[in-house]
Amino acid sequence: MGIIGDIKSIGEIVQKADNIELYRKILDLQYEAMNVIEQLNELKEENRILKEKLKTVENLTFKGNMYFKNGVNEPFCSKCWDADSKLVRLHGDGAGWFQCPLCKTIVHNEVQIFL
Ligand SMILES: [Zn+2]
């Protein structure tokens, strides 16, 4: 049984004892426990996202004003990753120029034009 279930069980016992003040305290405790559980779940989700981001960072190489995933020869927008943690694939024109479909930054190896 979880903490909420335990508190409910205690609340039922206290309710039978007909002690209103104690019963209110148990309800307050149950409410606080639910808030703590909600905060814990939010922190777990935040931790999961941070771990995922760290794993992505460890697999990125910065070269020629673009990011590349290790082992993959596809360029990603450095502006979107650095500013918003979004990994956006750059679109190439076949002549060495690339553009980000999201922020419209244009990149050519050593040249980067922010729009
Ligand atoms: Zn971008």
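Which arrangement do the 4 donor atoms around the zinc ion have? The angles that these donor atoms subtend run from 103 to 115 degrees, and for that reason the arrangement is tetrahedral. For a metal with four tetrahedral donors, the ideal angle is 109.5 degrees. The structure discussed here is a predicted model, and the paragraphs below go through it part by part.

Four cysteines coordinate the zinc ion through their SG atoms: Cys 77, Cys 80, Cys 100 and Cys 103. The distances are 2.2 to 2.3 Å. Along the chain, the donors follow the spacing C-x2-C-x19-C-x2-C. Cys 77 and Cys 80 are both buried.

Next comes the division of the chain. The protein chain consists of domain 1, covering 3–55, and domain 2, covering 59–113. How many Å apart do the C-alpha centres of domain 1 and domain 2 lie? The separation of these two centres is 45 Å.

Helix H2 spans residues 20–58, and Ile 26 is found in it. Is Ile 26 buried or exposed? Its relative accessible area is 11%, so Ile 26 is buried. Setting aside neighbours within four places in sequence, the contacts of Ile 26 are Ile 7, Ile 10, Gly 11 and Val 14. One of these residues, Ile 7, is 19 residues away from Ile 26 along the chain, yet the C-alpha atoms of the two are separated by 6.9 Å.

Gln 30 also has its place in helix H2. Gln 30 counts as buried because its relative accessibility is 13%, and the limit for buried is under 20%. Leaving out neighbours within four places in sequence, Gln 30 is in contact with Ile 4, Ile 7 and Lys 8. Ile 7 is therefore in the contact list of Ile 26 as well as in that of Gln 30, where contact means heavy atoms within 4.5 Å.

Now turn to the strands. In general, the strands of a sheet pair through backbone hydrogen bonds, and the pairing is either parallel or antiparallel. Here, an open sheet of 3 strands has the order S1-S2-S3, and its pairing is antiparallel. Which strands are at the edges? The edge strands are S1 and strand S3 (75–77), each of which pairs on one side only. From one strand to the next, the twist averages 40 degrees.

The antiparallel pairing of S1 and S2 runs over 4 bridges. Two pairs of residues can be picked out: Thr 61 stands opposite Phe 68 in S2, and Phe 62 has Tyr 67 in S2 as its bridge partner. S1 and S2 form a hairpin with 2 residues between them. In the turn, Gly 64 has a positive phi of about 60 degrees.

Asn 65 is not a glycine, but its phi is positive, at about 65 degrees. Asn 65 is placed in the loop between strand S1 (60–63) and strand S2 (66–69). Is Asn 65 buried or exposed? Asn 65 counts as buried because its relative accessibility is 17%.

Ser 85 is likewise not a glycine, and its positive phi is about 55 degrees. Ser 85 lies in the loop between helix H3 (78–84) and strand S4 (91–92). With a relative accessible area of 33%, Ser 85 is partly exposed.

Lys 104 is found in a further loop, between strand S5 (98–99) and strand S6 (106–108). Because its relative accessibility is 42%, Lys 104 counts as partly exposed. Lys 104 and Lys 79 are 25 residues apart along the chain, and their C-alpha atoms are separated by 9.8 Å.

Definitions and conventions
Residues are numbered from 1 along each chain as its sequence is written. This is a predicted model: local features need pLDDT of at least 70, side-chain atom pairs count only at pLDDT 80 or more; totals for chains, interfaces and linings use all residues. Side-chain values use heavy atoms; hydrogens and water are left out. Buried means under 20% relative accessible area, exposed over 50%, partly exposed in between (1.4 Å probe, protein chains only). Donors are N, O and S atoms within 2.8 Å of the metal (3.2 Å for Na, K and Ca); water is not among the atoms, so sites may look incomplete. Four donors count as tetrahedral if all angles lie between 85 and 135 degrees; four count as square planar and six as octahedral if opposite donors are over 155 degrees apart and all others between 65 and 115; anything else is irregular. Domain bounds come from an automatic or database domain assignment. Two strands pair if DSSP finds at least two bridges between them. Axes are lines fitted to C-alpha atoms, for helices over the stretch in contact, and angles run from 0 to 180 degrees between N-to-C directions.
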